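Here is a short report for someone meeting this structure for the first time. Take a look at the sequence and the model before reading on.

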Amino acid sequence: MSGKYSDKVAVITGGAKGIGKAVASRLVSGGASVVIGDINEKLGQLAADEIGCKYVFCDVSIENDNRKLIQYAIDTFGGLDIVHLNAGIASGVTFGNENTIEAYKKITSINLDGVVYGMDAAITQMLKLNGGKIIATASIAGLMGLSLDPFYTVTKHGVVGLVRAVGPNYLSDKRIEINALCPSFVDTDIIAMAKEFLVQANFPILDVSDVADTFEQILESNQSGNCWYVIPGRASEPFNFRNIPGPQ
Ligand SMILES: NC(=O)c1ccc[n+]([C@@H]2O[C@H](COP(=O)([O-])OP(=O)(O)OC[C@H]3O[C@@H](n4cnc5c(N)ncnc54)[C@H](O)[C@@H]3O)[C@@H](O)[C@H]2O)c1
């Protein structure tokens with residue numbers, strides 16, 4: 001298919017539904033060759049058939065699954081240009097629950113370890129392949145504390161910190177751009193439990209297409225190390241972090 005991504009190969013984790021599926025669909029519409037990796041085999045294959053891309057089983061919390069996913073894209077399509085590290089869950093618990101520590105370990109293994117493993121697998125290949133663009137889905141909870149889900153907040157702050165630390169260093173010399181998406185509430189299954197409350201409170205909820213729009217803006221920015229907020233009714237842009245005070 002011809003289009004602005006016609007020579008591009010993209011990998012998307014958590015692409016079976018929600019934000020990842022919307023981004024996969026957008027990239028395929030632009031002509032990209034896309035591989036989605038997801039733990040949900042049924043929905044992953046359905047999404048791939050619907051969109052016109054490939055599906056590979058991948059549990060991002062398993063280091064080697066990330067390597068296999070990236071390698072599959074390279075072997076199948078002969079390159080690697082765009083990697084969207086997007087798979088994630090909410091924990092739904094805070095301190096004082098019976099399963100607090102279990103839930104903490106599970107969410108960090110997916111939302112944080114999964115991004116580190118995916119980034120390592122992608123960068124290892126991109127260093128050999130003349131660069132590429134990595135976009136991690138963090139959250140607005142990477143820029144503020146979400147008291148509803150403190151462990152989710154921990155993981156998303158971790159992703160933001162990782163992107164800010166590693167992103168600027170990879171831009172000029174190695175031609176690898178690393179940025180983060182930081183959406184507010186988006187209409188996907190992950191907010192199912194909170195959706196009624198949000199609707200009743202008249203809190204505006206983003207559509208997955210809003211996030212795909214910002215994803216494309218990041219691709220076009222040719223910058224690295226930025227954390228782009230996606231907020232209803234506002235133009236997306238990189239969040240402007242305050243500098244810490246220098247020594248006196
Ligand atoms: N929906 C929101 O309000 C919102 C806001 C900000 C950020 N996010 C982030 O967006 C990302 C996508 O979430 P979504 O809203 O589309 O939710 P979703 O539940 O619709 O999609 C998440 C996808 O990740 C997959 N997944 C879960 N665990 C996995 C694992 N171990 N390995 C591989 N795949 C796995 C799921 O099967 C699913 O396909 C997540 O990182 C989430 O934290 C969502």
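## The whole chain

This is a predicted model: local features need pLDDT of at least 70, side-chain atom pairs count only at pLDDT 80 or more, and totals for chains, interfaces and linings use all residues. Residues are numbered from 1 along each chain as its sequence is written.

The protein chain holds seven helices and eight strands. Helices (H or I, at least four residues) and strands (E, at least two) are DSSP runs, numbered from the N terminus. The chain is as compact as a globular protein of its length, because its radius of gyration is 17 Å, close to the 18 Å that the globule rule gives for 248 residues. That radius is taken over C-alpha atoms, and the rule is 2.2 Å times the number of residues to the power 0.38. Along its principal axes the C-alpha trace spans about 55 × 50 × 35 Å.

Of the 248 residues, 47% count as buried. A residue is buried if 20 or more other C-beta atoms lie within 10 Å of its own, exposed if 12 or fewer, and partly exposed in between, with C-beta atoms placed from the backbone. Two residues are in contact if their C-beta atoms, placed in that way, lie within 7 Å. Among contacts between residues at least 6 apart in sequence, 64% join residues at least 24 apart.

## A helix pair

Two packed helices are described by the angle between their axes and the distance between the axes. Helix α3 (residues 63-77) and helix α4 (residues 100-128) have axes that come within 8 Å and cross at roughly 35°. Axes are lines fitted to C-alpha atoms, for helices over the stretch in contact, and angles run from 0 to 180 degrees between N-to-C directions. The crossing of α3 past α4 is right-handed. That term applies if the near helix is turned clockwise from the far one by less than a right angle; anticlockwise is left-handed.

On the α3 side, the contact involves Glu63, Asn66, Arg67, Ile70 and Ile74. They meet Tyr117, Gly118, Ala121, Ala122 and Gln125 in α4. These residues divide into five nonpolar, three polar and two charged. Here Ala, Val, Leu, Ile, Met, Phe, Trp, Tyr, Cys and Pro count as nonpolar, Asp, Glu, Lys and Arg as charged, and the others, Gly among them, as polar.

In soluble globular proteins, nonpolar side chains tend to be buried together. The largest nonpolar core has 75 residues, of which Ala24, Val34, Ile36, Ala180 and Val211 touch the most other members. Helix α4 gives the largest share of this core, ten residues. Such a core is a set of buried Ala, Val, Leu, Ile, Met, Phe, Trp, Tyr and Cys residues joined through C-beta atoms within 7 Å.

What does valine 211 touch, leaving aside its neighbours within four places in sequence? Its contacts are Ile19, Ala22, Leu181, Pro183, Val186, Leu206 and Val230.

## Buried residues

Glycine 132 lies in strand β5 (residues 132-137). It is buried, with 25 other C-beta atoms within 10 Å. Beyond four places in sequence, glycine 132 touches Leu80, Asp81, Ile82, Val83, Ala122, Met126 and Ile176.

Alanine 103 sits in helix α4. This alanine 103 is buried too, with 20 other C-beta atoms within 10 Å.

Asparagine 226 is in the loop between α7 (208-221) and β7 (227-230). It counts as buried, with 21 C-beta neighbours inside 10 Å. Outside four places in sequence, asparagine 226 touches Gly167, Asn179 and Pro238.

The table gives some C-alpha separations.

| Pair | Apart in sequence | C-alpha to C-alpha |
|---|---|---|
| Glycine 132 and methionine 119 | 13 residues | 11 Å |
| Alanine 103 and serine 91 | twelve residues | 6.0 Å |
| Asparagine 226 and threonine 124 | 102 residues | 21 Å |
| Proline 245 and serine 109 | 136 residues | 33 Å |

## Exposed residues

Proline 245 lies in the segment after β8 (237-238). It is exposed, with 6 C-beta neighbours inside 10 Å.

Most residues other than glycine have a negative phi, and most peptide bonds are trans. Asparagine 202 has a positive phi of about 60°. Its place is the loop between α6 (192-200) and α7. Asparagine 202 is exposed, with 6 other C-beta atoms within 10 Å. Asparagine 222 has a positive phi of about 55°. Asparagine 222 is in the loop between α7 and β7, and it counts as exposed with 9 C-beta neighbours inside 10 Å.
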